[in-house]
Amino acid sequence: MKLNSSKVLIIDFGSQYTQLIARKVRESGIYCEIYPFSSRIDKIKDFNPAAIILSGGPSSVYDKDAPLISDEIFKIDVPFLGICYGMQLIAYLLSGEVKPAKNREYGYSKLEIAQKSKLFAGCGDDEPVWMSHGDIIVLPPNNFTVTSKTENGNIASFENEEKKIYGLQFHPEVAHTICGHKILNNFLFDIAEVKKNWRLSDFVEDKIKEIKTEISSDSNNNAICALSGGVDSTVAAVLVSRAIGDKLVCIFVDNGLLRENEARDVFKFYKENLSLNVKLVRAGKIFLSALKGINDPEKKRKIIGKLFIDIFEKEADKIKNAKFLVQGTLYPDVIESVPVYGSSSIIKSHHNVGGLPKKFNFKLIEPLRELFKDEVRLIGKKLNIPDAIIERQPFPGPGLAIRVIGEVTESSLKMLRKADTIVTEEIKKNNLYNKIWQSFPVIIPVKTVGVMGDKRSYESLIAIRAVTSLDGMTADFAKLDYDILRQISSRIISEVKGVNRVVYDISSKPPSTIEWE
Ligand code: XMP
């Protein structure tokens with residue numbers, strides 16, 4: 001290990017938990033990055049890691065297209081921790097033996113410690129651990145000791161203490177593995193002896209200084225930023241405005257596809273509470289007329305994305321000496337991701353104000369590009385941005401347009417806004433708003449028969465979508481209480497004119513997606 005290194009490198013083999021490992025390492029006060037498994041060994045060495053973690057992944061080491069890495073990696077003289085697939089890979093590369101398990105181990109298991117290990121210092125004798133694997137290790141590599149087994153008798157961990165190579169068949173990064181945090185910390189601090197070096201308060205001070213130096217090098221330089229009302233663009237704008245004040249001009253486009261009173265409230269808030277130099281562009285009518293007669297989801301997304309860019313460009317042209325463009329890009333947008341499932345074909349073309357095209361001739365300022373969402377939220381709190389913005393559930397760039405299935409009309413938007421207010425109120429009332437990833441209604445262009453006050457009704461249908469998720473990549477429907485669902489349904493039917501039926505979406509992602517379009 002080169003001296004002075006205090007960064008950890010996580011090599012990604014496609015697990016849905018890779019980013020979670022990184023967040024856990026950072027929560028322990030250590031800076032880390034994620035590289036794809038296909039990274040060259042030189043690039044890995046250049047990062048100068050103090051320790052390397054090999055992530056899990058959905059493959060088997062024997063799959064035709066299994067993500068592999070050269071065994072040269074073990075020549076890098078740092079401690080290694082392989083998690084799940086990462087452990088199987090260690091076994092495979094160092095001549096151990098991996099085999100398909102008779103029964104896939106998924107969910108809880110109990111860890112039976114077989115041999116004392118530094119990795120398990122402070123853990124109990126039969127710790128609950130979270131498993132998710134189809135292959136098992138039947139033979140550890142030479143000079144490796146098995147340190148624990150699962151209750152099924154499968155190898156749960158092994159190590160070569162001298163070489164400091166460790167493997168865990170279970171996932172220490174997930175909350176279900178109660179002792180997981182301790183195990184990761186034992187690896188980081190006791191085995192790899194990494195020093196804490198990652199503090200968000202330092203980050204804020206350093207970034208403000210850095211931005212000041214960069215933008216103020218020429219006193220005529222201005223910066224612009226597109227605000228969406230969401231946490232990322234807001235935190236990025238506030239951070240930059242702390243550095244350069246009104247030299248940052250923010251543009252907030254009301255596309256007419258926002259929630260009830262959102263444009264008005266958010267704009268007022270930006271100006272009065274966050275003292276941002278912000279301009280509101282009312283463009284609802286333009287968006288609505290461009291969407292007239294359009295039913296196809298991808299066409300809708302493309303029209304909205306392009307219009308937004310046209311409008312932003314026009315506004316940006318009016319700002320003198322605008323040389324810099326501030327964007328709320330986050331670390332997950334920067335990581336070269338390993339596809340977790342299926343091909344990399346486009347499922348939905350995302351529109352995001354944080355992702356304006358490079359054709360603009362601005363220098364980019366991306367103050368959050370090293371950060372995860374939860375770190376951005378913490379920074380937002382340090383910058384005194386209130387919870388109403390910091391804790392907001394994600395909201396898609398194309399807004400309510402992709403929650404009105406088929407053609408977007410003024411009347412469907414009106415219905416959807418009312419239903420959205422009710423869903424949000426009920427979810428908040430039951431203290432679920434921050435526990436679930438997203439909760440919202442969708443209008444389906446179908447009418448069904450109902451009976452209201454002895455009369456036949458023939459009215460619109462609304463679906464409620466509420467999901468739990470770690471990162472939006474995979475999701476499960478939220479197991480909402482029937483009483484909450486009943487309350488949402490009866491309020492929508494009685495308060496939203498034109499709706500006589502409410503259904504609950506019980507699909508997970510994959511195979512469904514979170515948004516309906
Ligand atoms: P899907 O529907 O693909 O959504 O399962 C995953 C997450 O992404 C959000 N989403 C978007 N966010 N621009 C965004 O900024 C978009 O165009 C967009 N489309 C979907 C969605 O709300 C969910 O959180």
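This is a predicted model: local features need pLDDT of at least 70, side-chain atom pairs count only at pLDDT 80 or more; totals for chains, interfaces and linings use all residues.

**Exercise 1. Find the domains**

Work out which residue ranges the domains of the protein chain cover.

Solution. Now take the centres of domain 2 and domain 3 over their C-alpha atoms, and you get a separation of 28 Å.

**Exercise 2. Describe the interface of domain 2 and domain 3**

Describe how domain 2 and domain 3 touch, starting with the residues in contact.

Solution. Start with the head count: domain 2 brings 13 residues into contact with 14 residues of domain 3. Then go for the area, which comes to about 1100 Å² buried between the two, with 51% of it from carbon and sulfur atoms. On the domain 2 side, Arg 259, Glu 260 and Leu 288 together give 41% of what that domain buries against domain 3, more than any other three residues.

Next, look at the kinds of contact. There are zero salt bridges between domain 2 and domain 3, but six residue pairs make polar contacts across their interface. As for classes, the domain 2 side that touches domain 3 is made up of six nonpolar, three polar and four charged residues.

**Exercise 3. Explore the ligand's surroundings**

Find out which residues come nearest to the ligand, and how much of the ligand the protein covers.

Solution. Begin with the shell of 16 residues: Lys 348, His 351, Gln 438, Lys 509 and Glu 515 come nearest. Sort the shell by class and you have five nonpolar, seven polar and four charged residues. Domain 2 and domain 3 each supply at least three residues of this shell.

Now zoom in on single atoms. The side chain of Lys 509 has an N or O atom 2.7 Å from an oxygen atom of the ligand. For the side chain of Trp 437, the distance from an N or O atom to a ligand oxygen is 3.3 Å. Gly 397 uses its backbone: an N or O atom there sits 3.2 Å from a ligand nitrogen.

Technical notes
Residues are numbered from 1 along each chain as its sequence is written. Side-chain values use heavy atoms; hydrogens and water are left out. Domain bounds come from an automatic or database domain assignment. Contact means heavy atoms within 4.5 Å. Buried area is the accessible area (1.4 Å probe) that two parts lose on being put together, summed over both. A salt bridge is a side-chain nitrogen of Lys or Arg within 4 Å of a carboxyl oxygen of Asp or Glu. A polar contact is a pair of N or O atoms within 3.5 Å; within protein, one must be able to donate a hydrogen and the other to accept it, and residues adjacent in sequence count only if both atoms are side-chain atoms. Ala, Val, Leu, Ile, Met, Phe, Trp, Tyr, Cys and Pro count as nonpolar, Asp, Glu, Lys and Arg as charged, and the others, Gly among them, as polar. A residue is near a molecule or strand if one of its heavy atoms lies within 4 Å of it. Accessible areas come from the Shrake-Rupley method with a 1.4 Å probe; for residues, only the protein chains shown count as cover.
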